[in-house]
Every structure is written in structure tokens, then in C-alpha cells.
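Here is a colleague's note to read with the structure open beside you. Take the points in order and find each place on screen.

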Amino acid sequence: MINIKINNKEYSFEEGLTILEACHKVNIDIPTLCHYKDLVQSGNCRVCLVEVKNNRNYVTACNNKIYEGMEIFTNTLEIIEARKKSLELIISNHSLECLNCSSNQNCELQALTKKLNVTERYHGQKTETTIDDLSGILTRDTSKCILCGRCIEMCKKVQGIGILDFENRGLKTIVAPVANKSFKDVPCTYCGQCTKVCPTGALTVKENIRDLLVALKEGKHVVVQTAPAIRAALGEEFDYPIGTNVEGKMVSALKQIGFSKVYDVNFGADLTIMEEATEFIERYTKKENLPMITSCCPGWINYAENYYPDLLNHLSTCKSPHMMEGAIIKSYYAEINNINKEDIVVVSIMPCSAKKEEKDRNDNDVDIVLTTVELANLIKLFGINFKDLEDEKFDNDLLGDFSGAGVIFGTTGGVMEAALRTAYYSLTNQEYEKISFENVRGSEGIKEASLNINGNEVNVAVVHSLSNASKVLDEIRNGTSKYDFIEVMACPLGCINGAGQPKITSSKLETKEKDNILFNTYKRAKALYDEDKKMNIRQSHNNPQIKELYSKYLQYPHSPKAHELLHTSYSKKDKKII
Amino acid sequence: MISSKSKEEIYNIIEKRKNMETPLMMILSDIQNKFGYIDLEVQQIVAEALNIPVSEIYGVVTFYSYFSLKPKGKYVISTCFGTACYVKGTQGIIDEFCNKLKIKPGETTEDGLFSIDILRCVGACSLAPVVTVNGKIYPHVKIADVDKIIKEYKDKEVLMNENS
């Protein structure tokens with residue numbers, strides 16, 4: 001143990017903690033800006049300064065470790081003024097356009113200026129601005145960038161890609177894709193994790209709210225479907241604790257907004273499982289194109305097409321759940337309700353930025369993709385008092401039912417578990433007794449499980465974040481992969497932590513929890529597992545409306561009709577930048 | 001497009017250096033020395049060979065003024081921007097070079113003859129303000145000297161062309 005004094009009070013801590021970590025443990029808050037646990041601990045912004053006795057200079061708390069006998073002062077006059085000065089200098093090269101910024105009131109920099117009581121404003125030369133919104137998915141505005149480097153580390157270390165980096169030096173320094181190119185001209189997967197860690201509005205997900213308003217005004221038949229992860233995070237935008245399931249209120253709000261039908265993508269998830277489990281069993285029996293890899297995640301599909309084009313035959317050909325549901329809405333649903341396909345607008349509420357790009361693939365039936373945050377903004381725009389809403393249920397005709405298996409699609413391990421429930425049934429003709437496959441749950445980067453199904457040994461892996469994906473993909477390339485079936489989600493923790501979800505920043509967490517952003521995010525997964533547990537139907541193949549869809553329309557999984565509507569193909573993308 | 005011969009030379013440089021602890025700086029220096037510049041195409045080759053993102057290489061190339069993205073002129077006019085030279089009027093001399101050659105610092109004239117570079121300090125403050133052209137030192141330069149310096153190299157070119 002190490003004995004130190006903080007603000008004249010004695011404490012002892014285990015070895016190896018930074019000053020910041022030690023202070024957090026005893027509920028002493030130190031302001032931070034560039035710091036992001038496990039990503040950036042450079043001390044660049046110099047906002048976390050503290051005074052250490054007998055030290056000539058002030059010390060950055062985020063990257064200096066405590067030592068025996070250390071005496072730290074966190075709130076002296078000099079320290080408070082030094083932090084404030086650091087921040088004032090940072091914002092001297094900032095556009096200060098808070099009023100028309102999409103991160104307004106959801107900005108770590110803005111919150112900090114209030115917290116540190118910034119009063120001075122320096123005027124001087126500013127870095128030349130680049131605004132890149134050409135991709136239509138991600139927007140980069142260098143005039144709001146504070147050069148913390150979080151996005152760079154996220155893309156390089158966690159996702160293993162490295163689209164972004166610092167360029168130039170001095171006042172000309174910017175964070176950009178190579179040669180300040182647009183996201184659309186570099187092999188970006190649009191996972192949007194860079195926007196999740198950006199403390200300002202420099203990197204954001206482009207909004208499409210107006211497209212929806214236009215569709216509603218034109219009197220189209222607008223059908224909305226919400227992804228499983230939305231219910232577990234939307235509440236945070238209305239001050240509910242992380243991990244609150246607000247499904248009932250969300251449905252109620254969507255009905256008030258004026259959608260003709262409010263459906264759950266969970267139906268599409270159940271449909272995906274029917275197709276995907278069948279596909280897996282077929283490949284497994286023939287020992288063809290194994291391991292099979294899930295295809296629900298568009299960030300992952302972009303990654304595979306750009307970086308592992310030689311392994312595209314391993315991907316399931318299933319479209320993602322909302323694309324499947326979109327296809328069914330514009331065929332089966334349209335026919336039964338006698339509505340012209342062209343008069344239907346399908347809107348997906350997604351926790352994801354890459355889904356906005358996915359809808360532009362050539363075989364799509366989804367017209368508009370909005371994120372969780374956009375839905376929250378829409379609810380506020382319509383003046384709906386979310387907290388006072390009565391719970392309502394999804395529309396229950398044709399594609400309204402869903403199983404617990406569909407619900408857990410929103411978290412890492414969920415797609416695999418849902419697929420295993422149905423694959424087990426298909427191979428054994430009986431339900432898996434325990435229902436849950438606990439060993440594919442949890443927040444570890446790579447999870448593996450081995451199952452004995454009717455004498456068949458099935459080895460599965462579940463990975464999230466693309467750097468972990470590249471590890472299992474390299475094994476396939478080298479011929480050393482021991483897996484039969486792999487689930488990949490591009491975002492750390494899966495869809496619950498997608499770029500469309502509300503940001504969880506350390507500033508929103510209790511002091512003691514500030515270093516546990518991922519742990520707190522995983523509470524959203526618990527909300528989904530809890531809902532699954534409460535469901536009467538927990539396997540996709542037991543969803544009565546799925547059975548009906550097959551008997552009345554699609555015939556059987558992998559039928560020619562199912563292939564036409566529910567499956568897709570992938571193609572190599574040239575990732576060269578010139 | 002880069003020629004296959006140049007490509008081979010780049011691969012040789014990478015091969016020679018790639019097992020060093022931090023090979024990137026050495027590889028880029030060698031390429032800069034050999035070809036005089038490191039454009040995006042070359043950066044892409046190095047990125048693939050070392051398996052690091054091209055954005056990172058671009059970051060290094062644009063951080064160090066030693067590296068250049070574009071070919072430099074045959075005669076590189078380097079003006080010292082150190083404190084002593086600055087006080088003695090470097091700015092006016094740079095402006096004059098820019099005016100006469102119709103380029104900005106860091107750029108190259110259309111005929112490929114001249115580039116203007118800004119140096120931080122040559123280390124010859126007693127000679128301030130200092131200009132060097134391909135290593136040749138011009139001490140105590142006045143604005144009126146700029147024309148003479150440019151003429152010296154233009155004349156040299158004419159002479160060389162006549163001789164050949």
C-alpha cells in the first residue's frame with residue numbers, strides 16, 4: 001500500500017494508481033478533458049493539473065502515478081487558475097459556435113467551460129477549417145476539434161484501422177483522414193466510434209430528421225421499426241439511469257409522432273435467426289465455408305469488404321434484421337394490406353451510424369435511418385413529455401410478435417445465443433433445456449464456447465470491436481481457426497454501445513465510476529437480458545407470426561422466395577486511398 | 001504513377017530498414033534523400049509494407065519539415081527565420097523572393113527551378129540575415145540582393161544549357 005496525502009488528509013491506496021484514479025476512489029473530482037480511460041492518457045490538455053508538494057511544476061493527474069509520501073493539492077488558487085488558463089487557451093482556437101452545434105448541451109468542452117468558470121476570451125489566429133460532410137454519415141468539423149486524439153486512438157487501437165491521425169504541426173495541426181480527405185474517400189467502416197469518444201462536436205453522426213418530417217407531411221404510409229438496443233438507452237436522454245428499459249414509453253412516443261405502424265426489429269431478428277441458423281446447419285453438415293460469420297452488423301460488413309475481401313465467403317448471406325423486416329414490409333405486409341409498395345416509407349430507429357450507409361446498398365427496402373439520439377431529439381421536437389407517457393405495446397398485426405432471442409440481438413453475444421437456441425432445436429428436435437447460453441455472454445473482447453449438440457461438437461466465438469475481429473479473421477486466413485460459427489459486432493459491447501446511442505461520458509458518471517465507462521455501458525445489456533428472461537416465447541422458431549410468415553408466404557427458410565427477399569451478397573472494396 | 005524501378009528501390013530501402021526498432025523515420029529519410037520527396041503513393045507502399053495506417057505515415061511526413069510531399073526545385077532557397085535574422089529583416093527578404101518568383105514558402109516554381117524554404121535557425125547569427133541556396137551561404141542579405149541571387153542561378157542555367 002502507498003500512503004499519500006490529498007488536500008492534507010491521509011489516505012492509502014494500492015500501488016500503480018494515477019493521481020486521478022486515486023482521487024476518484026475517494027470521491028475527489030478533478031476536471032479532465034482529453035483523458036479517456038485506456039485510450040488517451042497523454043496529459044495534453046493540461047486541464048487535470050494538481051499541485052504536488054516539493055514539485056517544481058504542476059503535475060497532470062491523469063498520467064502521473066502516486067508514490068509513497070506524496071502530498072497532493074487539488075484545489076488551490078494557483079491550480080484553479082492554471083486549469084482555467086489551459087482551457088481558455090484551448091478554446092481560443094475553437095469556433096465557439098455552440099448555438100448551432102449538434103453537440104450543444106452534450107459537449108464535454110462546453111460543460112467544462114461552465115464548471116471552470118471560464119471568463120477570458122483570447123482572440124488570435126485560428127487553424128484553417130475543414131468541414132467534411134460528403135459521406136452523408138459522419139461529419140468532421142476541424143474548427144471544433146481540440147486535438148485530444150481520442151478518435152485517433154479509438155480508430156487505431158480499438159478498431160485496429162487507423163483512418164484518422166494528426167496532420168501537420170503547430171497551428172496547422174488537424175485530425176483528419178490521410179491528406180485531409182473525406183471519410184467517403186478512405187476505407188472507413190462508418191462504425192462511428194470516433195464520434196462516441198469525441199468530447200466536442202468535431203466528429204458527429206449526420207442527422208436525417210428532416211427526411212422523416214417530409215415523409216410524414218407527404219401523407220405516406222410511414223412504418224417505423226426500432227432496434228432492440230434502442231429501448232435500453234433512449235431513457236438516458238430523458239434522465240433515466242443507464243440500463244432502464246423504456247420500451248413502453250418509446251412505443252407510445254412513436255405512436256404520438258404519427259407513424260402508421262410501430263414495429264420492433266426483433267421480428268426481423270427472429271426472421272434472421274430462422275435463415276441464419278438454417279444456413280449454419282447446412283454449412284456445418286456439408287463442412288463448407290466454415291467458420292460461418294454473422295452479417296447483422298454493417299460496420300463489420302464494411303470492414304470485411306475492405307480489409308478481408310478474401311474471406312467474404314465465410315459471411316452469412318443473411319441481410320441484417322431491419323433490412324429483412326423492411327423487405328417483408330414492402331412485400332408481404334404491402335400485399336396483405338393492399339398498399340402500393342411505393343407508398344410505403346420504412347423508417348428504422350438504429351443505435352448505429354453504419355446503418356445509415358447500409359440502407360444505400362443496392363438491395364435495400366429501408367428508406368430512412370434515424371439513431372437513438374435522433375429519436376430522442378424528435379420526441380423533444382414534438383413536445384412530447386416522455387416521462388409522463390403511458391406504456392404502450394408494439395402493433396401486433398403480421399409482424400408484431402417477437403421472441404426473447406430477438407431482444408438480445410442488441411448486445412455482444414446476443415445474436416450467437418439466439419442462433420444457438422434455434423440451431424439446437426433444429427439439430428435435436430427439442431428445446432435447449434436451460435434456454436440461455438451463459439458462456440457467450442459478458443463483456444470480454446473474445447468469448448468462446450464449445451457445445452455438444454446431439455453428438456456434434458460445435459465451436460463458437462463471439463467478438464466485438466474490430467481489432468478483436470481481426471484476430472479471429474487472421475486465424476481463418478492462416479488456417480488455424482478452430483471455430484465453426486463466429487459472431488462479430490464492430491462496436492465495443494455491440495449495438496448497445498453503437499454510435500447512434502447516447503454518449504456515456506465520464507462527466508455524466510459519479511466520481512467513483514468515472515473510470516468505468518464500459519462497465520456502465522454494459523448495464524444496457526442487462527436491460528435486454530432481463531426482458532428476454534421475462535418473455536413467454538424465447539426462441540425465434542417459436543414466434544407464431546414467424547411461423548405464419550413462412551407458412552403463408554416464404555414457405556420455408558432458404559426457399560427461393562426467402563433468398564430473393566432476405567439474402568444479399570458482398571463484394572471486395574478497393575481500400576487504396578489513391 | 002511511380003515507375004517500377006523506383007518501386008523496387010523503395011522496397012529495397014524498406015527491406016534494409018524494416019527490422020530496426022522504429023524503422024519508419026529511417027525509411028522515410030532514405031526515401032526523401034533518394035527521391036527528394038515522399039508523395040501519397042509512396043506512403044501507401046510504405047504503409048502496406050510495414051502494416052501501419054497510411055494516415056500515421058502522412059502525419060509523420062507533414063510533421064517534420066525535412067520531409068516533402070512534392071518535388072523540390074533544382075535550387076532550394078532557404079531563408080533563415082531565427083530570432084537574429086528575423087530582427088534583421090528576414091520577413092522582407094522572404095516576401096521579395098515570393099514576389100519575384102511568384103510562389104509561396106514551401107512551393108516550387110512552375111519550371112521546377114526554384115523552391116523557397118523557411119529555416120528555423122542556420123546557426124550563423126553574426127551573418128544575419130542569412131539565405132542559403134543549395135548550401136551556399138549568402139550573408140547580410142538586403143532586399144536589393146534578392147534579384148541578384150535569383151539572376152545568378154538563372155544565368156547558371158543558361159550557361160549550362162548552352163554548354164550542353
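This is a predicted model: local features need pLDDT of at least 70, side-chain atom pairs count only at pLDDT 80 or more; totals for chains, interfaces and linings use all residues.

**Notes on the two chains**

1. Next, the overall build of chain A. The chain has 19 helices and 18 strands. Along its principal axes, the C-alpha trace spans about 80 × 55 × 55 Å. A compact globule of 578 residues would have a radius of gyration near 25 Å, and chain A agrees, with 25 Å. Of the 578 residues, 50% count as buried.

2. Now find one sheet in chain A. This sheet is open and has 4 strands, in the order β13-β18-β17-β16, with mixed pairing. Which strands are at the edges? They are β13 (292-293) and β16 (446-453) of chain A, and each pairs on one side only. In general, strands of a sheet pair through backbone hydrogen bonds, either parallel or antiparallel.

3. Both kinds of pairing can be traced here. β16(A) and β17(A) run antiparallel, joined by 8 bridges. In this pair, A:Asn452 has A:Glu457 in β17(A) as its bridge partner. By contrast, β17 (residues 456-464) and β18 (residues 485-489) of chain A run parallel, with 5 bridges between them. Across that pairing, A:Ala461 stands opposite A:Ile486 in β18(A), and A:His464 stands opposite A:Met489 in β18(A).

4. β16(A) and β17(A) form a hairpin with 2 residues between them. In the turn, A:Asn454 has a positive phi of about 55°. Then look for the helix on this sheet. Helix α14 (residues 414-428) of chain A lies across β16, β17 and β18 of chain A. The helix runs at about 10° to β16(A).

5. Check the backbone for exceptions. Most residues other than glycine have a negative phi, and most peptide bonds are trans. The loop between α8 (265-286) and β13 of chain A holds A:Pro291, and A:Asn289 is in that loop too. The peptide bond from A:Leu290 to A:Pro291 is cis, with omega near -10°. A:Asn289 has a positive phi of about 50°, although it is not a glycine. Is A:Asn289 exposed, buried or partly exposed? A:Asn289 has 17 other C-beta atoms within 10 Å, so it counts as partly exposed.

6. Chain B has exceptions of its own. The bond from B:Ala128 to B:Pro129 is cis, with omega near -10°. B:Pro129 lies in the loop between β2 (114-119) and β3 (131-133) of chain B. Move on to the loop between β3 and β4 (136-138) of chain B, where B:Asn134 is found. Phi of B:Asn134 is near 45°, a positive value in a residue other than glycine. B:Asn134 counts as exposed because it has 11 C-beta neighbours inside 10 Å.

7. Then see how chain B is divided. Its domain assignment gives domain 1 (4-63) and domain 2 (75-163). The C-alpha centres of these two domains of chain B lie 30 Å apart.

8. Finish at the interface. Here 11 residues of chain B are in contact with 15 residues of chain A. On the chain B side, α3 (40-50) and α4 (54-63) each supply at least two residues. The largest share, 7 residues, comes from α4(B). By class, this side of chain B has 5 nonpolar, 4 polar and 2 charged residues.

Note on methods:
Residues are numbered from 1 along each chain as its sequence is written. Chains are lettered from A and ligands numbered from 1 in the order in which they are written. Two residues are in contact if their C-beta atoms, placed from the backbone, lie within 7 Å. Ala, Val, Leu, Ile, Met, Phe, Trp, Tyr, Cys and Pro count as nonpolar, Asp, Glu, Lys and Arg as charged, and the others, Gly among them, as polar. Domain bounds come from an automatic or database domain assignment. Two strands pair if DSSP finds at least two bridges between them. Axes are lines fitted to C-alpha atoms, for helices over the stretch in contact, and angles run from 0 to 180 degrees between N-to-C directions. The radius of gyration is taken over C-alpha atoms; the globule rule is 2.2 Å times the number of residues to the power 0.38. A residue is buried if 20 or more other C-beta atoms lie within 10 Å of its own, exposed if 12 or fewer, and partly exposed in between; C-beta atoms are placed from the backbone.
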